[in-house]
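Here are my notes on the two-chain model you passed along.

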Amino acid sequence: METAAIEQLIPQRAPIKMVDALEHVNGDVATTAFTIRPDNIFLEEGQLIEAGLIEHIAQSALVFAGQRIWQAGGKVPLLGLLGEVKGFQLSRRPVVGDVLHTTIAMGPNVGGVTLVRGKTVVDGEVIASTQMKVSF
Amino acid sequence: MDMLFENYYYEVVGREGAGDTTCFHIRLLPDCTVYRGHFPGHPVSPGVFNIETIRELAMRVTGRRLLVRRIRQCRFIAVVTPDETPRLDVNLRLTAAETGWLVDADIADAEKTYMTFRGEMMAQETRNRNQ
């Protein structure tokens with residue numbers, strides 16, 4: 001799969017860029033990757049706080065949506081607005097050095113709002129999941 | 001207790017109320033480095049920074065280090081920026097629950113409500129800093 005650079009797809013930059021790569025795309029499902037580095041702004045005693053995880057999942061959805069638009073020849077980067085987080089569950093906080101693999105399932109776009117489901121896995125274990133509404 | 005975003009993203013300028021409901025008056029700090037990347041030349045407060053602000057203020061109220069275990073619903077209703085909405089009220093209602101606290105919060109000013117949050121937070125185990 002040919003993918004655009006993350007910086008081409010989303011407007012977020014350091015210190016809040018929270019996706020390193022788009023790993024797979026298959027229909028309405030995609031997976032991103034992100035390594036937690038020691039200079040991440042969401043670290044509390046070496047652990048990534050929930051706000052950082054949610055930002056990472058939201059940016060993963062934005063990268064996926066941007067990739068689709070880029071592939072179709074549309075204009076990127078995409079400015080996404082997070083409208084709602086619902087049903088977020090955390091089983092454990094990831095730590096510095098962990099690689100987050102986040103799977104995004106993109107729902108239909110209704111009136112400019114897309115329902116997104118995200119699930120973050122570290123070392124094969126689901127550590128967090130959520131639904132969100134994002135406007136692209 | 002060390003707070004990650006206090007005096008980085010926001011500062012507390014006042015506090016009212018006791019018992020079930022606490023209102024914190026906060027000011028957003030325009031020099032926060034997050035605005036370099038969110039977005040270059042166009043500062044907008046990340047919605048998740050307001051989730052963290054609610055967690056930190058709930059930590060002040062409870063005196064415990066908290067983890068956001070669940071979010072039932074968090075709605076981002078209007079855009080927050082350090083230039084246009086620098087002064088905000090964070091209204092917190094905490095209810096003790098079996099595993100921690102139910103946290104019901106909103107962020108508003110006299111004009112409007114920017115965000116609502118309903119979730120569960122639990123106390124974190126104390127970690128050995130030398131590990």
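1. Contacts in chain B first: counting pairs with a separation of 6 or more, 61% come from residues 24 or more positions apart. A contact here means heavy atoms within 4.5 Å. Chain A gives 62% for residues at least 24 apart, again among contacts between residues at least 6 apart in sequence.

2. Some ground rules before going on. This is a predicted model, so to speak, with local features needing pLDDT of at least 70 and side-chain atom pairs counting only at pLDDT 80 or more, while totals for chains, interfaces and linings use all residues. Residues are numbered from 1 along each chain as its sequence is written, chains are lettered from A and ligands numbered from 1 in the order written, and side-chain values use heavy atoms, with hydrogens and water left out.

3. What is chain B built from? It has 1 helix and 6 strands, in the order β-β-α-β-β-β-β from the N terminus. Helices (H or I, at least four residues) and strands (E, at least two) are DSSP runs, numbered from the N terminus. The C-alpha box along the principal axes is roughly 45 × 40 × 25 Å.

4. On burial and surface, 49% of the 131 residues of chain B count as buried. The cut-offs are under 20% relative accessible area for buried, over 50% for exposed, and partly exposed in between (1.4 Å probe, protein chains only). Chain B exposes about 6,600 Å², with 42% supplied by carbon and sulfur atoms; areas come from the Shrake-Rupley method with a 1.4 Å probe, and for residues only the protein chains shown count as cover.

5. As for charge, chain B carries 17 positive and 18 negative side chains, their centres 6 Å apart. Lys and Arg count as positive and Asp and Glu as negative, leaving out His and the chain ends; each charge is placed at NZ of Lys, CZ of Arg, CG of Asp or CD of Glu. For chain A, the mean positions of 11 positive and 14 negative charges are 8 Å apart.

6. Chain A has 2 helices and 8 strands, running α-β-β-β-β-α-β-β-β-β. Its radius of gyration of 14 Å is close to the 14 Å from the globule rule for 136 residues, so chain A is as compact as a globular protein of that length. Buried residues make up 50% of chain A, and its accessible surface is about 5,600 Å², 53% of it from carbon and sulfur atoms.

7. Why call strand 2 (residues 29-35) of chain A largely enclosed? Because 5 of its 7 residues are buried. Strand 2 of chain A pairs antiparallel with strand 1 (residues 21-26) over 5 bridges, pairing meaning that DSSP finds at least two bridges. These two strands form a hairpin with 2 residues between them, and A:G27 in the turn has a positive phi of about 60 degrees. Strand 2 of chain A also runs antiparallel to strand 6 (residues 99-110) of chain A, joined by 7 bridges, with A:V29 partnered by A:A105.

8. At 29% relative accessibility, A:I69 is partly exposed. Beyond its neighbours within four places in sequence, A:I69 contacts A:G74, A:K75, A:V76 and A:L78.

Key:
The radius of gyration is taken over C-alpha atoms; the globule rule is 2.2 Å times the number of residues to the power 0.38.
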